[in-house]
Amino acid sequence: MAATELRGVVGPGPAAIAAPGGGGAGPPVVGGGGGRGDAGPGSGVAAAAAAAAAGGPGPGAGGVAAGGPGSAPPAAGSGGSGAGSSGSAREGWLFKWTNYIKGYQRRWFVLSNGLLSYYRSKAEMRHTCRGTINLATANITVEDSCNFIISNGGAQTYHLKASSEVERQRWVTALELAKAKAVKMLAESDESGDEESVSQTDKTELQNTLRTLSSKVEDLSTCNDLIAKHGTALQRSLSELESLKLPAESNEKIKQVNERATLFRITSNAMINACRDFLMLAQTHSKKWQKSLQYERDQRIRLEETLEQLAKQHNHLERAFRGATVLPANTPGSAGAAKDQCCSGKGDMSDEDDENEFFDAPEIITMPENLGHKRTGSNISGASSDISLDEQYKHQLEETKKEKRTRIPYKPNYSLNLWSIMKNCIGKELSKIPMPVNFNEPLSMLQRLTEDLEYHELLDRAAKCESSLEQLCYVAAFTVSSYSTTVFRTSKPFNPLLGETFELDRLEENGYRSLCEQVSHHPPAAAHHAESKNGWTLRQEIKITSKFRGKYLSIMPLGTIHCIFHATGHHYTWKKVTTTVHNIIVGKLWIDQSGEIDIINHKTGDKCNLKFVPYSYFSRDVARKVTGEVTDPSGKVHFALLGTWDEKMDCFKVQPASGENGGDARQRGHEEESRVMLWKRNPLPKNAENMYYFSELALTLNAWEGGTAPTDSRLRPDQRLMENGRWDEANAEKQRLEEKQRLSRKKREAEAMKATEDGTPYDPYKALWFERKKDPVTKELTHVYRGEYWECKEKQDWGSCPDIF
């Protein structure tokens, strides 16, 4: 009987069924059951079959003996080593170029989760990382047989050398695979920048999962016992039938049924063994995961404590330095505050590019019931108001009936722990992180862009200039004037929704009208077009990118600004400089502008170079200094510009120096005589410190106007609630609008995928009032106003506008 059953087990047909138990169809060390059948293919199953046929020690005993928990672990396969050899992670020694003195130095490199990190030694992995580069934005270049380069296009470039060509190829292959996965994950998580963050699985959740798995395995074991019990009874009954005198055909049928019953018992045993193996592996790896998770949490807490301590020490040193140099203290609201505000901190202007990962910031906000609570420490500064919000709101409604309003509801004093939110955003792109309205001012980015036109009269004067060089001086002053409103504006504007617009019609009063539209969400981009009956057109497409570095926030506008004068055809272009917000962690927030601007007249070749000097403790120059030179196509300087970006700009006509002795003095004297004030900042309105430091123009931008498009920023509900001091409601409304925007994007992506599968053409998102085309001057792809907005407004035909609010 046993021989008969054994023949059926190892035969060519049923043997395949037994594969899950002992890896009968493959190498024993990597089999499906964890390599339990080390003696050979199917040996564990054969032992179980023999035990069952001989009436072995009870149900399921054969399965446990073949591959139960007491068996030796596999030599290789699943586990930590398997993960390391799968190509998803790699570590080892490489030679990294350091400098010309030391040359290549041996370093320990670790590739994990799309990040390549290096250490001086393997032991150093526990406490110090020397550098990390994100492969999602990196380029991998092979130089020769052993050398290769990894660069992210910024300040991070690793020149590496392997010990052999084979080793170099292994690293390059692993890096390329990791980069592909990182790019894919980045694309999938692109939209999730505005979604809530997902918390990591904690220890309790892991234990609950393992407990559930264990109970399911126990249920399977109980079922297996029942199957074995009834199978034994079935085999006993079949044996009794064989002892009876039956026809030969009946005996053969009984034998076949008996063999199949034996195979059924063996397969059920094999299934239980596989489930036990899975549970054991899960329990083993859960401990490793818990240790790794706890280690990362401890490291994060230590880093946060260290960073906060460093910030406090830095602030203490700043105060000690100011006291040692006997600098005058700033008085909030005094006339000198505008000049000396930047003395509250020194900016670290490092251009080091951190890894570009995106995570959501938890909205940890404390909303006290008492709105008069004062801010301390790193909280955003604000002045208290003696006027109730209801009275302010009534006053606002009265003002909106007039042509221009001169005030808005005072900013309430909500307590906000800035560091509790910003500490999770270090090195991240802030446009992808949802922020509460507590960080905002009640204007959108489209309205802030329109504020560039506050000193539009400079372009009106430029249009009347007969000399192109003099015209360029006024254009340069206009460029500098656009930064004057930022000196105290430390709050961020609202990120516009896709398709949001903002119009400013001042055609009758000032001779110009302006239109902005948000033409892209990721990356955020806004198109702006302004035209004046005084003979000029201004257009731009600005993409805002930002990085939070811990102590300061850098805001880098990307895009070209165009100014065209109709009478002469002079076409000027320039780009904006970097804006830096300092003292994010401790101290009073202050803003600085730094960089250079080249304004080019593409018709004549004239050029103006403006230099925005970054603030420095050790410089004796005036703060926020801007210098410039206006040159002709040959490079000859005709005008010199001097001033500050927050106060005024002067122009000097450069005279050629004559003689050898005292030539410079005579030239300087001629310059003083030719001084012309091009621009001077308008004073702020009364009580501006209580109204987000808005200028007279900014106070009017969000005033309600009839007849605007339904997508206009004035109609945005969360911004209106925030302006009226109802910040709790504004935060809830902001989340609703962002969720609505996410659903619209998912719908567009689903339509695009369906069109791709069907092979039908699909038009991606297109702006409503702007069209994307190649600029003939700069050769850049940019959004240019296509017309029809003002015609639609006149007819009040807004049928093509999307529902975004």
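**Notes on the predicted model**

1. With a disulfide taken as a pair of cysteine sulfur atoms within 2.5 Å, the count in this predicted model comes to zero disulfides. Cys 801 is in no disulfide, and the nearest cysteine sulfur, which belongs to Cys 792, lies 7.5 Å away. As for accessibility, Cys 801 counts as buried at 14% relative accessibility, while Cys 129 is partly exposed, with a relative accessible area of 40%.

2. Helix H13 (residues 457-464) and helix H14 (residues 468-481) have axes that come within 8 Å and cross at roughly 170 degrees. Angles over 145 degrees count as roughly antiparallel, and H13 and H14 are therefore roughly antiparallel to each other. On the H13 side the contact is made by Leu 458, Leu 459, Arg 461, Ala 462 and Ala 463, and on the H14 side by Gln 471, Tyr 474, Val 475, Ala 477, Phe 478 and Ser 481. Sorted by class, this contact has eight nonpolar, two polar and one charged residues.

3. The largest nonpolar core has 66 residues, of which Leu 538, Trp 574, Ile 599, Leu 610, Phe 612 and Leu 641 touch the most other members. H14 supplies the largest share of this core, with nine residues. Leaving aside neighbours within four places in sequence, Leu 610 is in contact with residues including Ala 476, Val 480, Ile 597, Ile 599, Val 626 and Leu 641.

Methods:
Residues are numbered from 1 along each chain as its sequence is written. This is a predicted model: local features need pLDDT of at least 70, side-chain atom pairs count only at pLDDT 80 or more; totals for chains, interfaces and linings use all residues. Side-chain values use heavy atoms; hydrogens and water are left out. Axes are lines fitted to C-alpha atoms, for helices over the stretch in contact, and angles run from 0 to 180 degrees between N-to-C directions. Helices (H or I, at least four residues) and strands (E, at least two) are DSSP runs, numbered from the N terminus. Angles under 35 degrees count as roughly parallel, over 145 as roughly antiparallel, 65 to 115 as roughly perpendicular and the rest as oblique. Contact means heavy atoms within 4.5 Å. Ala, Val, Leu, Ile, Met, Phe, Trp, Tyr, Cys and Pro count as nonpolar, Asp, Glu, Lys and Arg as charged, and the others, Gly among them, as polar. Buried means under 20% relative accessible area, exposed over 50%, partly exposed in between (1.4 Å probe, protein chains only). A nonpolar core is a set of buried Ala, Val, Leu, Ile, Met, Phe, Trp, Tyr and Cys residues joined through side-chain atoms within 4.5 Å.
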